[in-house]
Amino acid sequence: MKSYFVKRTTAIFAEDVNWKQIESLELTSNNGDGSAILWTKCYLAYNDKGIFFRFEIEDDKINCVMKEYNSAIYNEETVELFIQPTQDKTQYLEFEWNGIGGVFCAKVNNNLEGQTTLDFTNENIIDSKIYATEYGWVVQGLLPAKLFFGEKLEGNWHFNAYRIKRAADKSQILLSYNNTIAENFHLPDKFAVMEFEK
């Protein structure tokens with residue numbers, strides 16, 4: 001199981017984080033062969049405000065149209081974070097962003113037998129911004145601490161990072177940090193460890 005060390009920052013906004021001093025995690029083909037048709041990097045940092053995130057996404061064409069909050073953007077193209085603040089694998093948070101401003105935020109209830117239900121966060125309290133780059137796009141922002149079931153940002157949590165890309169033939173290209181080796185991201189046993197700096 002992979003692990004990622006989340007550094008503490010004094011930043012107020014994601015733009016204030018010195019991302020060059022934060023180690024990136026690399027997303028590779030979810031089938032476990034280590035490849036990546038288009039590279040994707042994710043960075044995390046934190047303080048009492050919450051968890052700051054940044055995705056750097058190589059992209060040749062953004063294939064999405066959904067912008068409304070909590071639209072089913074996972075049916076198009078997204079980058080995603082699943083974060084499990086407690087030891088209960090049946091409950092975790094799902095965050096998603098697409099390249100045109102779409103944001104998705106929900107609590108996942110997973111019976112660990114292949115069925116999931118979603119409790120949507122009705123108000124978008126995620127401060128995220130998207131930037132076009134010469135290689136594709138960047139999305140970064142803050143996941144407020146109050147989203148995380150009242151848990152303190154300390155010790156070890158579990159998480160995974162993903163990307164869904166659509167190929168020219170409309171098939172899915174799935175990338176992940178800790179590969180699930182299945183066409184399914186909702187596998188908590190495959191989550192990696194996130195360790196908060198003290």
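Student: How far is the sulfur of Cys 42 from the closest cysteine sulfur?
Tutor: That sulfur is 16 Å from its closest partner, in Cys 105, which is too far for a bond. A disulfide needs a pair of cysteine sulfur atoms within 2.5 Å, and a search of the whole structure finds zero disulfides.

Student: What sort of model is this?
Tutor: It's a predicted one, where local features need pLDDT of at least 70 and side-chain atom pairs count only at pLDDT 80 or more, while totals for chains, interfaces and linings use all residues. Residues are numbered from 1 along each chain as its sequence is written, and side-chain values use heavy atoms, leaving out hydrogens and water.

Student: Why is Cys 42 called buried?
Tutor: Buried means under 20% relative accessible area, exposed means over 50%, and partly exposed is in between (1.4 Å probe, protein chains only). Cys 42 has 0%, so it's buried. Cys 105 has 1%, so it's buried too.

Student: And what makes Thr 28 buried?
Tutor: Its relative accessibility is 16%, so it counts as buried. Thr 28 sits in strand S3, residues 28-29; strands (E, at least two residues) are DSSP runs, numbered from the N terminus. Setting aside residues up to four places away in sequence, Thr 28 touches Gly 34, Ser 35, Ala 36, Leu 174, Leu 175, Ser 176 and Asn 179. Contact here means heavy atoms within 4.5 Å.

Student: What stands out about the phi of Asn 70?
Tutor: It's positive, near 65°, in a residue other than glycine. Most residues other than glycine have a negative phi. Asn 70 lies in the loop between strand S5 (50-58) and strand S6 (78-84), and at 17% relative accessibility it counts as buried.

Student: How do you know whether Ile 181 is buried, partly exposed or exposed?
Tutor: At 49% relative accessibility, Ile 181 counts as partly exposed. Ile 181 also has a positive phi, about 55°, though it isn't a glycine. You'll find Ile 181 in the loop between strand S13 (172-176) and strand S14 (192-196).

Student: What makes a set of residues a nonpolar core?
Tutor: They must be buried Ala, Val, Leu, Ile, Met, Phe, Trp, Tyr and Cys residues, joined through side-chain atoms within 4.5 Å. The largest such core has 44 residues, and those with the most contacts inside it are Ile 51, Leu 81, Phe 95, Trp 97 and Leu 143. Apart from it lies another core, of eight residues, among them Phe 82, Tyr 92, Leu 174 and Phe 191.

Notes
Helices (H or I, at least four residues) and strands (E, at least two) are DSSP runs, numbered from the N terminus.
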